[in-house]
Amino acid sequence: MKFRASTLRLLLLAVSPLLTDCSSSATKTAVKPGAESASTVAATTAKSKVKAGDKGAPGSGAAKDEEVDEYATTTADVSDPLQPLNRGTFWLNDKLYTFILRPISKGYELILPRPVRKGIDNAFENVKYPIRVVNCTLQGKFKRAGQETGKFVVNTVGGVGGIFQPAEKIPALANLPNEDTAQTFGKWGIPSGPYLVLPLLGPSSLRDTVGLAGDYVLNPVNWPYFWYYSNQSKHQWVIVPPLANTLRATPAQMNTYDTVTKDAVDPYLSARSSYSQSRAEAIKK
Amino acid sequence: MTLRFLLPLLLLAAPLAASAQLAEAQVRLKSAITEVLTVADRAGNRSALPEKLRPVLEKHVSFETMTKRSVGPGWRQFTPEQQQQATQLFSTLIIRSYSSKFTPGEHPAITYQTAVEPAAGRVDVPTSMVYQGSHYTVIYRMEQVQGWRITDVVIEGVSLIANYRSQLDAQFKKGGANAVISSLTQSVSRPQ
């Protein structure tokens, strides 16, 4: 009962901005501030400059349009109308990471050696098989769904519950690209929507946040938890699998965060650009 | 007679020349990576790494091109001194960032895939890399800048240049070349 009410609320919360977004999308694109779409502005200013006669570049007359390189300008930057709010959440997350998650992650890394952590990661990734197979199927990637199933069976049986990855030794099953619910939405042509920084979880978008809910439901580590709430049973242990999953995933999350922000000029923009680029790439695969 | 002999040869030569370019770039990349790894192994401790790697990287990476592209169209409004200063700062930042990813002695297992030519004078070399038990897809973008040099690295779909472009372009719009340079100075001087 309780579970049902809370999911409904969550869904409503997730969908309501989508509804309002649809109705006002036309006006929004018209009023969109120029600074937001850096790349398009860059492209247009460059074009006008070329028309104006390229006088501002002493010594680089032969530079053509080299700076406005297709590599950089074709990568679409995500729209970010909620930037002030997002920057606030980003700042808050930074503090949360520094004072809470990083110490926990360091402790975890100190207690368990890398091979053990890798085994635990492998097992949790293996269990996430329903997320991958359902989304492969929803995207019409039936061959990949079959490969995923093969990989799951091989790793579960041959790899002692997925702790080891014997499937990586089989060329047909090795190194399959990851799939999740938000990628399915992307494949279906649903745009990413505005960029969102989620508390604790970090960079996301409206589409990807809704996708996260799908991943959450499809992840078996959360299933005992659902069962617990739907039955009002007394088994407190149900909290253990999701908590363990969060703990084991923390070092990787911290590592990604550091990679993206440490040598950035503006950590917020760096995280946003990295996120939108990597998601666009993931959808393509 | 000679023409009849030469014509098929000429026809063959055109695609061969293109693939020769691809091969040349790929060979260049392989030797660059080997060289970097050898130097990294000899460096011993991590803090000495950026200094040791700089001359090798400067040989194989075109930091001028990287900086120019990362700034974007605003680059034309930089004076030559400002361009030089920005390049110097940006290369320091990139080299430091790159060095911090290394653990001396641990080598990634790199598989080179078929190189492609997205435009004349450009070669993309896709690779897949296994480092510390994780898979990464890395594309090296190379161009003819006094020989084949790396001009961008795309890791898991994230282009280094596009990433910095989003940041430096915002700085340029805020306060021109000076803002770009002062933001770079700030990043470089940030404690590790």
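In what order do the elements of chain B run from the N terminus on? They run α-α-α-α-β-β-β-β-β-α, where helices (H or I, at least four residues) and strands (E, at least two) are DSSP runs numbered from the N terminus.

The model is predicted, and local features need pLDDT of at least 70, side-chain atom pairs count only at pLDDT 80 or more, and totals for chains, interfaces and linings use all residues. Residues are numbered from 1 along each chain as its sequence is written, chains are lettered from A and ligands numbered from 1 in the order in which they are written, and side-chain values use heavy atoms, with hydrogens and water left out.

**Chain B as a whole**

Select chain B, which holds five helices and five strands. Its C-alpha atoms fill a box of roughly 70 × 45 × 25 Å along the principal axes. Of its 192 residues, 47% are buried (under 20% relative accessible area, with exposed over 50% and partly exposed in between, for a 1.4 Å probe and protein chains only). Among contacts (heavy atoms within 4.5 Å) in chain B with a separation of 6 or more, 54% link residues 24 or more positions apart.

**The sheet of chain B**

Next, display the strands of chain B. They form an open sheet of five strands in the order β1-β2-β3-β4-β5, with antiparallel pairing; two strands pair if DSSP finds at least two bridges between them. β1 (109-112) and β5 (158-159) of chain B each have a single partner strand and stand at the edges, so one side of each lacks a neighbour in the sheet. Four bridges join β1(B) to the antiparallel β2(B), and I110(B) stands opposite M129(B) there.

**The nonpolar cores**

Now select F78(B), Y140(B), L168(B) and L184(B), which touch the most other members of the largest nonpolar core, a group of 45 residues. Such a core is a set of buried Ala, Val, Leu, Ile, Met, Phe, Trp, Tyr and Cys residues joined through side-chain atoms within 4.5 Å. The elements of chain B that each supply at least two residues include α1 (2-43), β3 (134-144) and α5 (160-189). The largest share, nine residues, comes from α1(B).

Centre on L168(B): leaving aside residues up to four places away in sequence, L168(B) touches V265(A), S70(B), V71(B), F90(B), V180(B), S183(B) and L184(B). A second, separate core of 13 residues includes V78(A), F90(A), V197(A) and Y275(A).

**Helix pairs in chain A**

Two packed helices are described by the angle between their axes and the distance between the axes. Select α5 (residues 83-111) and α13 (residues 267-284) of chain A, whose axes come within 11 Å and cross at roughly 100°. Axes are lines fitted to C-alpha atoms, for helices over the stretch in contact, with angles from 0 to 180 degrees between N-to-C directions. α5(A) and α13(A) are therefore roughly perpendicular (65 to 115 degrees; under 35 counts as roughly parallel, over 145 as roughly antiparallel and the rest as oblique). Q83(A), N86(A), R87(A) and F90(A) of α5(A) make the contact with P267(A), Y268(A), L269(A), A271(A) and R272(A) of α13(A).

Move to α6 (residues 114-127) and α7 (residues 129-138) of chain A, with axes that come within 5 Å and cross at roughly 40°.

**The hairpin of chain A**

Finally, select β1 (residues 195-198) and β2 (residues 202-205) of chain A, antiparallel strands joined by four bridges. L196(A) stands opposite S204(A) in β2(A). Three residues lie between the two strands of this hairpin, and L200(A) in the turn has a positive phi of about 65°.
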